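Subject: Structure handover

Hello,

Here is the structure you are taking over. Please look through it first, then read the notes below.

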Amino acid sequence: MIALIKRGQAEGAFDPDVPPAWIQRVLWSLVYTGYQDAEACGLPRHGIVSAVIRTLENGIRTPNPEHRQV
């Protein structure tokens, strides 16, 4: 996993200033949270993967450019 993250950083997909181990832990945390929400809140299983990927790629910021801070 770390090698894949480093490759992603080298290719510009991931922020190179963030340690690879941090990115890995964040990913596993999101996966675990998705699993918990599926069990506790009834999040549909097909929605977990997209929620994890979307949050990993975008964080929690709004996709609306009008709401971006300068």
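This is a predicted model: local features need pLDDT of at least 70, side-chain atom pairs count only at pLDDT 80 or more; totals for chains, interfaces and linings use all residues.

Residues are numbered from 1 along each chain as its sequence is written, and side-chain values use heavy atoms, with hydrogens and water left out.

Overall

The protein has three helices and zero strands, and from the N terminus its elements run α-α-α. Helices (H or I, at least four residues) and strands (E, at least two) are DSSP runs, numbered from the N terminus. Of the 70 residues in the protein, 17% are buried. Buried means under 20% relative accessible area, exposed means over 50%, and partly exposed is in between (1.4 Å probe, protein chains only). The protein exposes about 5,900 Å², of which carbon and sulfur atoms supply 58%. Accessible areas come from the Shrake-Rupley method with a 1.4 Å probe, and for residues only the protein chains shown count as cover. Among contacts between residues at least 6 apart in sequence, 22% join residues at least 24 apart; contact means heavy atoms within 4.5 Å.

Helix α1

Helix α1 covers residues 2-10. Its buried residues are I5, G8 and Q9. They lie on the same side of α1, because they cover an arc of only 100° around the axis. The arc is that of the directions from the helix axis to the C-beta atoms. The face of α1 turned away from this buried side carries the exposed residues A3, L4, R7 and A10. What covers the buried residues of α1 includes α2. Just after α1, G12 has a positive phi of about 90°.

One of the buried residues, G8, has a relative accessible area of 8%. Apart from its neighbours within four places in sequence, G8 is in contact with A13 and F14. G8 and P20 are twelve residues apart in sequence, and their C-alpha atoms are 9.7 Å apart in space.

Helix α2

Helix α2 takes in residues 20-40. At 1.5 Å a residue its 21 residues should span 30 Å, and its end C-alpha atoms are 30 Å apart, which agrees. The expected span is 1.5 Å times one less than the number of residues in the helix. Buried in α2 are P20, I23, L27, L30, G34 and A38. These residues cover an arc of only 80° around the axis, so they are on the same side of α2. They pack against α1 and α3. The face of α2 turned away from them carries the exposed residues E39 and A40. After α2 comes G42, with a positive phi near 75°.

T33 and I48 are 15 residues apart in sequence and 9.1 Å apart in space, C-alpha to C-alpha.

Helix α3

Helix α3 runs over residues 45-58. Its 14 residues reach 20 Å from the first C-alpha to the last, close to the 20 Å expected at 1.5 Å a residue. G47, I48 and V52 are buried in α3. Seen down the axis, these buried residues fall within an arc of 135°, so they line one face of the helix. They pack against α2. On the other side of α3, H46, V49, R54 and E57 are exposed.

Charges and surface

Side chains of opposite charge can pair when their charged atoms come close. A salt bridge here is a side-chain nitrogen of Lys or Arg within 4 Å of a carboxyl oxygen of Asp or Glu, and the count comes to one. It joins R7 and E11, whose closest N and O atoms are 3.8 Å apart. E11 counts as exposed, at 60% relative accessibility.

M1, W28 and V31 form a nonpolar patch on the surface, with about 280 Å² of accessible area together. Patches are made of residues with over 30% relative accessible area and no salt bridge, where like charges are joined within 9 Å and nonpolar side chains (Val, Leu, Ile, Met, Phe, Trp, Tyr) within 5 Å.

Regards
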